[in-house]
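Subject: Structure handover

Dear colleague,

Here is the structure we spoke about, with the sequence. My notes on side-chain packing follow below it.

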Amino acid sequence: MAKRPNILFVMADQLAPQVLSAYGHARAQTPHLDRLAGEGVLFENAYCNFPLCAPARFSMLSGRLPSRIGAFDNAVEFPASVPTFQHYLRLAGYRTCLAGKMHFVGPDQLHGYEERITTDVYPADFQYAPDWRLDGESWLEWYHSMRAVLDAGTHRRSVNIAYDDEVEFEAIRWLHEHADDGGDRPFALTVSFFSPHDPYLAPPAWWERYRDARIDRPRIPDIAPGERDPHSRRHWFLTGRHLDAISDEDVLRMRRAYYAVTSYVDAKVGRLLDTLAEIGAADDTLVVFTSDHGDSLGERGLFFKMSFFEWSVRVPLILHAPFAFGPRRVRENVSHLDLFPTLLEVAGDGTPPDLALPVDGRSLIPLATGHAPDWPDIVLAEYTAEGVTAPLLMVRKGPHKLITNPGDPPLLFDLDADPDETRNLAGDPGAAAIRAELEAVAAGTWDVPALDRAVRESQAARRLVGGALATGMRSPWDYQPVRDASKTYYREAGHVQDAYSGSVG
């Protein structure tokens, strides 16, 4: 690369790659993501490392497995002392900024971002903490429920849409102001949308785009609770399936709303790309697009995330930098852990910095350029939040995926031969060798009894601290964007012509 490029890191929330045109779903209307994928590097088998919002994001930003930074669930503090790739980019001279959701928990609401121009959508405290003392049939009132499916459809303006409109507006404003500043620092802007996360409420104009579309049913129909694997049975209660009956029509309406809101997000990606062109940064900006995790969308009767089946744990991942990479589709297994070393290599013009702490990922640059003969092709993932009472772990190597939990029978799938994960090979003598190999990887990665103790201790501590902080005077950690109105638009201290260059004040 001739010079350090700008970085535009765009995230959706709960976006399954299986619904995108670039991943083979012809019904989805996503022309801007199609363009990024057609001109860039698309990773066909990319995974999050924890199928839940906050731990997935903390792991991605730190480049470390969630358990190694204590990211056990949606209400655990992300330690301020953990380096993120934003810290390194900032040290490398980048101007780092966050617009949108990142679900930081704890008093540090920046984690290496120099600026943050919107608040978040979820609380930054411990109120969403799970409790492994509960049985496997418990449902938490603050958690997901089938109301999101039953109420899905068109809605004039939801909280999600209001938030994402603000994120888009502030991100575009920031890009123009950065260009107007006239400085020579490259930017690293993260734009993180809340959509298409439930509730599945589509603005009318986007809903109407799918009026004549044939909405596809789940490939694998609902599985009765008694016929499910143990975690999928717990998932039934975790998501409130025992409280509300849903019909096939409810699921189709939900999927239509999901596709509509996915197109809405795609349009926002298009406006960000247009803005890069307007400020003269289109030719020297690396654009990364991904999601924190997927959405099961009714496949096998599962909804939302919290599962290691493909619709929940796989993510879209596109790197778009025509000045550095030609168009390519990559089949090797990769994960969000690999973004940390990738971005640091880009920022260092091919020379990554010395790291204060080791990371668990590898740079994607060799795969993006087609020169990665020694790629390990292994992905690791964890789940220690609601719906389990012991760590649930995943190892994928090549086409094979192992899902293991101390109290559950193992699940083993060959995703090349069985992409819908309908045939468990764990008891097949012909798969004994690959099962042993993946179990050895898991045993070499995790000390499961120690991880179990750490999760329980963390939950107990947060129950106490959270209860104390909710007693008496409360001091919220939620991020409050700071904007100095005296330095915007026309002000007494500036000249009229300065208003056109962004330098008033």
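To begin with, Arg 256 lies over the face of Trp 207, 3.9 Å from the ring centre. Please bear in mind that this is a predicted model.

Next, the aromatic pairs. The structure holds 17 of them. One is formed by Phe 85 and Phe 340: the ring centres are 6.2 Å apart and the planes stand at 80 degrees, so this pair is edge-to-face. It connects distant parts of the chain, since Phe 85 belongs to helix H3 (residues 85-91) and Phe 340 to helix H10 (residues 339-347), 255 residues apart. Phe 85 and Phe 340 are both buried.

Phe 126 and Trp 477 make another edge-to-face pair, with 5.5 Å from centre to centre and 75 degrees between the planes. This pair also links distant parts of the chain: Phe 126 is in the loop between strand E4 (115-116) and helix H4 (147-150), while Trp 477 is in the segment after helix H13 (448-469), 351 residues apart. Phe 126 has a relative accessible area of 12%, so it is buried. For Trp 477 the relative accessible area is 23%, so this residue counts as partly exposed.

On the nonpolar core: the largest one has 154 residues, and the members that touch the most others are Phe 43, Leu 189, Leu 272, Leu 319, Leu 364 and Tyr 383. Helix H8 (residues 248-278) gives the most to this core, with 15 residues. What is Leu 364 in contact with, leaving aside its neighbours within four places in sequence? The contacts are Phe 43, Leu 317, Leu 319, Val 334, Asp 338, Leu 339, Thr 342 and Trp 375.

Last, the packing of H8 against helix H5 (residues 159-181). The angle is about 10 degrees and the axes are 10 Å apart. An angle under 35 degrees counts as roughly parallel, so H5 is roughly parallel to H8. On the H5 side the contact includes Ile 161, Asp 164, Asp 165, Glu 168 and Leu 175. On the H8 side, Tyr 264, Lys 268, Arg 271 and Leu 272 are among the residues that take part. Leu 272 was listed above as one of the core members touching the most others.

Regards

Notes:
Residues numbered from 1 in each chain as written. Predicted model: local features only at pLDDT ≥ 70, side-chain atom pairs only at ≥ 80, totals over all residues. Heavy atoms only, no water. Core = buried A, V, L, I, M, F, W, Y, C linked by side-chain atoms within 4.5 Å. Buried < 20%, exposed > 50% of the residue type's maximum accessible area, 1.4 Å probe, protein only. Helix = DSSP H or I, 4+ residues; strand = E, 2+ residues; numbered from the N terminus. Contact = heavy atoms within 4.5 Å. Phe/Tyr/Trp six-rings, centres within 6.5 Å; stacked < 30°, edge-to-face > 60°. Lys NZ or Arg CZ within 6 Å of the ring centre and 35° of its normal. Axes fitted to C-alpha atoms, helices over the stretch in contact; angles between N-to-C directions. Parallel < 35°, antiparallel > 145°, perpendicular 65-115°, else oblique.
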